[in-house]
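Reader: I would like to learn how to read salt bridges in a structure. Please take me through one case.

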Amino acid sequence: MAASILVVEDDESIRDLLRLHLAAAGYEVHVAEDAIAAGYMLLRSPPDLIISDINMPHMDGFEFIAAVRSDKSLPMIPVIFLTTIEDGDLRGKELGAVGYVTKPVRADRLLSLVAQHVPGGAHPIG
């Protein structure tokens, strides 16, 4: 069974691109346009990995993951943050982030990082 990944990204074109790359690599992909929609999805069916943008409306990625971590009914889900900046590294590590991918997203970097942290995932080329 393919590992499931929840992508939380407010930019539709980036969201679609991530869905395309991850699905082509054999993952089951769910997408949410913001942290609120992602929260509902997460409570219904916790994924094996979360890929979250940091800068989003309503609730940023750090706030979203802090809320996820505070819900003890949820398992510890690995998180990869998407960012255009690198200065959130310390805060992300405090929240248990397993990595960062900068925008524009390089598919090979993303798939390599994902494959390191989810069971039964696809094996990226290169």
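Predicted model: local features only at pLDDT ≥ 70, side-chain atom pairs only at ≥ 80, totals over all residues.

Reader: What is a salt bridge, and how many salt bridges does the count come to?

Author: A salt bridge is a side-chain nitrogen of Lys or Arg within 4 Å of a carboxyl oxygen of Asp or Glu. By that rule there are 4 salt bridges here. One of them pairs Glu9 with Lys103, with the closest N and O atoms 3.1 Å apart.

Reader: Which parts does the pair of Glu9 and Lys103 tie together?

Author: Helices (H or I, at least four residues) and strands (E, at least two) are DSSP runs, numbered from the N terminus. Glu9 is in the loop between strand 1 and helix 1, and Lys103 is in the loop between strand 5 and helix 5, so the pair links parts 94 residues apart in sequence.

Reader: With which other residue does Lys103 form a salt bridge?

Author: Lys103 also pairs with Asp53, at 3.1 Å between the closest N and O atoms. Asp53 belongs to strand 3, so this pair ties together parts 50 residues apart in sequence. Shared partners join Glu9, Asp53 and Lys103 into one network.

Reader: Is Glu9 buried or exposed?

Author: Buried means under 20% relative accessible area, exposed over 50%, and partly exposed in between (1.4 Å probe, protein chains only). Glu9, at 0%, is buried, and Asp53, at 3%, is buried.

How values were computed: Residues numbered from 1 in each chain as written. Heavy atoms only, no water.
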